[in-house]
Amino acid sequence: MLKKIVLILVVAFWAGQAHAERNDFVFNVGVGYGLNNQSVSSWEVESRPASSSDGLVGRVKVGFMPTPVDAMFGFGQVSELNYSSQQSNIESATLTLTGVGFSHYLNADVGSPYFTVAVALGKYRSNGGSEALDNRGHAFLLETGYEVFKHLQVSSTFMMARMADASFYYSDDYLDVSTTSMTVNIEFKL
């Protein structure tokens, strides 16, 4: 008897989630883990071989939903990249992004696949190692995911970013950092 009651409650919970409506206000907090590939080049020095890293990602999205399937938001994202296992001049780095994005859910009901496109301004700063980098630039993100429940979604994000040092216009000695990353994320939604 207890098993039947539990089964009925679980089915009712899932059915209720499938027909729940999304909030008009977007407030998501997410964490992720991903792989990053970085290449560094300069006008004076030939491009260095690409370095790979892994790291944690934290993200906050704030925005609104003009329709039941579309979301527009601003976001902030911080990635901590670890190069300690590489033959790299950098031990770790922080990649910070601030930007705007658009998400489209394929169904009006909760429990839908979705995709996101976003653009951002960014800052890449090395932490430790023999080479200090403090570069600024831009990034482009593509994300696909699935809204599991009204308050939970999972996704994978592909990001490309290009950062040049702040003295780019005043020196022939600048460094250009290109990064490409792939992360798996979990987001908690208000």
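**Close-up views of salt bridges and cavities**

**View 1. The salt bridge between Glu147 and Arg22.** In this predicted model, Glu147 pairs with Arg22 in a salt bridge whose closest N and O atoms are 2.7 Å apart. The two partners come from distant parts of the chain, with Glu147 in strand S6 (residues 134-149) and Arg22 in the loop between helix H1 (2-18) and strand S1 (25-42), 125 residues apart. Glu147 and Arg22 are both buried. A search of the whole structure gives 6 salt bridges.

**View 2. The salt bridge between Lys61 and Glu143.** The closest N and O atoms of Lys61 and Glu143 are 3.3 Å apart, and the two residues form a salt bridge. Because Lys61 lies in strand S2 (residues 51-67) and Glu143 in strand S6, this pair ties together parts that are 82 residues apart in sequence. Both Lys61 and Glu143 are buried.

View 3. Through salt bridges that share partners, Arg59, Lys61, Glu143 and Glu187 are joined into one network.

**View 4. The largest cavity.** The structure contains 3 cavities of 30 Å³ or more, and the largest has a volume of about 150 Å³. Its lining is made up of 16 residues, of which Phe25, Val26, Asn28, Met65 and Lys189 lie nearest the centre of the cavity. The elements that give two or more residues to this lining are S1, S2, strand S3 (70-82) and strand S4 (92-105), and S1 gives the most, with 4 residues. By residue class, the lining of the largest cavity divides into 8 nonpolar, 4 polar and 4 charged residues.

**View 5. The second largest cavity.** The second largest cavity holds about 120 Å³ of space. It is lined by 18 residues, and those nearest its centre are Val57, Ser79, Leu81, Ser181 and Thr183. Two or more lining residues come from each of S1, S2, S3, strand S7 (152-165) and S8, with S2 giving the most, at 5 residues. The lining of this second largest cavity comprises 7 nonpolar, 9 polar and 2 charged residues.

Methods
Residues numbered from 1 in each chain as written. Predicted model: local features only at pLDDT ≥ 70, side-chain atom pairs only at ≥ 80, totals over all residues. Heavy atoms only, no water. Salt bridge = Lys/Arg side-chain N within 4 Å of Asp/Glu carboxyl O. Buried < 20%, exposed > 50% of the residue type's maximum accessible area, 1.4 Å probe, protein only. 1 Å grid on protein atoms, 1.4 Å probe; cavity = no way out; pocket = protein on both sides within 12 Å on 5 of 7 lines; lining within 4 Å. Points joined across faces, edges and corners; volume = space filled by probe spheres on them. Nonpolar A, V, L, I, M, F, W, Y, C, P; charged D, E, K, R; others polar.
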